[in-house]
Each structure stands twice: as C-alpha cells, then as structure tokens.
Amino acid sequence: MQRVNLSTVSEFVLVGLSDAPEVRFLLFALFLIIYLATMAGNITILVAISTETRLHNPMYFFLGNLSLLDILCPTVTVMKMLEALLLENKVISFTGCMFQLFFLIDVVGTEIFLLAVMAYDRYVAICHLLQYVNIISMKLCAHLAIGTWVVGFFNSLLHTSLIFTLFFCDSNEVDQYYCDIPPMLALSCSPTYSRELVILTVAGVLGSSAFVVTLISYIYILLAILGMNSSESRCKAFSTCGSHLTVVCLFYGTTIGTYVWPSSTYSPNQDRIISMLYGILTPLLNPIIYSLRNKEVKCALRRVI
C-alpha cells in the first residue's frame with residue numbers, strides 16, 4: 001500500500017480576506033469601527049447594569065453576562081483579522097489557532113445556554129409573577145450563570161481536542177479569517193467522518209436541549225400574554241420579551257447556518273458571510289436591540305453616557 005505523509009503543520013495561513021490593497025485598508029477601517037462600536041456598546045451596558053441600582057435584578061444580571069460574551073467573541077476573532085488586514089500578517093501558529101478555536105466555541109456554547117436561561121427567567125417573570133422573587137433568587141442566578149460557563153468550557157474542550165488531534169498535511173491555508181470548525185475539518189487530510197459524527201451529536205444534544213427550553217418557555221410566555229386582559233400589560237410583556245426573542249432568532253439562525261452542515265458540503269464563501277453575521281454583527285446588534293426596546297436600559301445608558 002502507498003504510504004501517506006501524515007506530518008502535521010506548525011502554523012496556518014488565514015486566507016479568508018482579499019489581499020487587494022484598496023479593499024484591504026477599507027475592510028480594516030470598516031471592521032475596526034464595528035469592533036470599537038461593539039466594545040463601546042457592550043461595555044456601556046455593563047457599566048449601566050453595575051452602577052444603576054434599578055437594574056440589579058436577575059434579568060439584567062443575565063444581560064450583563066451576555067454583554068461580556070459579546071465582548072469576548074469579536075475580540076477572539078476580529079483582533080487577528082485586523083492584524084492581517086493592516087500588517088498582512090496572516091500567519092497564526094498551531095497553538096494560536098487551537099486557542100482561538102477553543103475560545104470561540106467556548107463563547108458560542110456558553111451563549112446558547114445563557115439564552116435558554118434568560119428565556120426561563122422571562123417565563124417565570126410573566127407566568128409566575130407572584131412567585132418570581134422566591135423562584136429566581138440571585139443565588140440561583142449565580143449558579144445558572146456559572147453553569148452556562150462551565151458547560152461551554154467542557155463542550156469547547158471536547159470539540160477542540162477532536163479537531164486538533166487530526167492531521168494537517170496537504171495544505172496549511174485556512175479558507176476563513178479565523179480558525180473555526182468547518183474550515184479546519186475541510187483542511188484536514190485525516191478521515192473526519194467519526195469526529196464529525198461526535199461533534200454533531202454532542203452539539204446537537206446540547207444545542208437542542210437549550211433550544212427546547214427556549215422554545216417551550218416562549219410558547220408559555222405567548223399563551224400567557226394572549227390571555228392577559230389589559231392591552232397595556234400585553235404591550236409591556238411583549239416589549240420585555242421582544243428584544244430577547246430577536247436576539248435568540250438572530251443567534252440561532254447564524255449559528256445553525258455555520259455548524260450543522262457536514263464538511264463535504266462546506267462552502268468557504270457562504271461560511272465567511274454567515275460567520276461574519278454571528279461573529280461580528282450579532283455582538284454589535286445585541287446591545288442596540290436591548291437598549292432600543294427597554295426603557296429602563298435606555299434611562300440607565302443616558303445617565304452613564
């Protein structure tokens with residue numbers, strides 16, 4: 001049988017963006033503005049939640065965790081992309097690529113469970129208003145938040161170990177602007193079917209569980225809202241839950257579009273577009289969505305600004 005060289009590479013080249021000088025500097029300016037706006041929006045929300053006593057409740061505690069995730073996600077991916085655009089340094093070490101993918105999957109996994117916890121919090125607030133304080137205590141909030149981060153960590157550890165124990169021998173060019181699961185699977189020269197099956201199974205079980213909790217919570221919320229006699233109460237409830245539901249739809253739509261397809265159907269161009277939506281635009285839009293639809297947040301932000 002013919003021997004196959006399974007020597008692994010020591011570094012990768014991120015080739016997801018154009019090398020044309022005029023486009024390169026334009027993209028650098030655009031993504032730098034988006035990144036700075038994302039940092040400013042989410043940091044302002046964190047400051048508002050920590051300094052405004054009226055926002056010291058479970059709903060805004062979870063929103064603060066979401067803002068922290070929205071700071072980490074673009075920091076993990078966009079900083080290296082900005083370096084590549086400005087300095088044309090598209091090389092990332094094997095270890096650097098591994099840590100970049102680890103932190104990215106960690107943030108994405110944590111956010112999936114955090115959105116489910118936020119949906120459950122809104123369900124209790126609307127469907128069991130009188131028992132809300134007894135059910136959703138700050139101690140329970142802390143345990144739920146820590147749980148989402150712990151599950152995200154171990155989920156990412158599993159995915160990262162499965163990806164970076166593969167062999168990369170034919171090419172070291174990653175057709176993306178950061179290290180992610182689909183382009184790394186497409187780049188590997190090892191058989192990936194069994195690992196893809198494990199990744200999809202674990203991600204499917206965990207993601208589906210979080211999605212079911214979110215979906216059931218909002219079904220009960222919708223039924224409770226429709227059963228309210230006062231139109232003012234219905235409007236207030238819709239306003240409270242509308243922003244979170246918008247964030248859920250935006251996040252799940254882009255994440256599913258990136259991670260549920262097998263590597264045999266991987267399309268670099270499509271993956272780059274979708275990944276920019278959830279990796280760059282979603283963290284920018286989240287604070288805007290919450291601040292526009294929530295009067296308490298808007299008042300707190302005005303005081304902070």
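Here are some numbered notes on this predicted model.

1. Ground rules. Residues are numbered from 1 along each chain as its sequence is written. The model is predicted, so local features need pLDDT of at least 70 and side-chain atom pairs count only at pLDDT 80 or more, while totals for chains, interfaces and linings use all residues, and side-chain values use heavy atoms, with hydrogens and water left out.

2. Overall build. The protein chain has ten helices and three strands, taken as DSSP runs numbered from the N terminus (helices are H or I, at least four residues; strands are E, at least two). Reading from the N terminus, the order is β-α-α-β-α-α-α-β-α-α-α-α-α.

3. The chain has 305 residues, and 47% of them count as buried (under 20% relative accessible area; exposed is over 50%, partly exposed in between; 1.4 Å probe, protein chains only).

4. Contacts. Take contacts (heavy atoms within 4.5 Å) between residues at least 6 apart in sequence: 81% of them join residues at least 24 apart. Pro 287 sits in helix 9 (residues 268-293) and is buried, at 7% relative accessible area. Leaving out residues up to four places away in sequence, Pro 287 touches Gly 41, Asn 42 and Ile 45.

5. Rings. The whole structure holds twelve aromatic pairs (Phe, Tyr and Trp rings, the six-membered one for Trp, with centres within 6.5 Å; planes under 30 degrees apart are stacked, over 60 edge-to-face, the rest tilted). Tyr 177 and Tyr 178 have ring centres 4.7 Å apart and planes at 80°, so they are edge-to-face. Tyr 177 is buried at 2%, and Tyr 178 is buried at 0%. Ring pairs also link Phe 99, Phe 102, Phe 103, Phe 153 and Phe 154 into a cluster.

6. Phe 211, Val 212, Leu 215, Ile 216, Ile 219, Tyr 220 and Leu 223 make a nonpolar surface patch of about 640 Å² (patch residues have over 30% relative accessible area and no salt bridge; nonpolar side chains, meaning Val, Leu, Ile, Met, Phe, Trp and Tyr, are joined within 5 Å, like charges within 9 Å). A salt bridge here is a side-chain nitrogen of Lys or Arg within 4 Å of a carboxyl oxygen of Asp or Glu. Tyr 220 lies in helix 7 (residues 193-226) and is partly exposed, at 45%.

Technical notes:
Areas by Shrake-Rupley, 256 points an atom, 1.4 Å probe, with all protein chains shown as cover.
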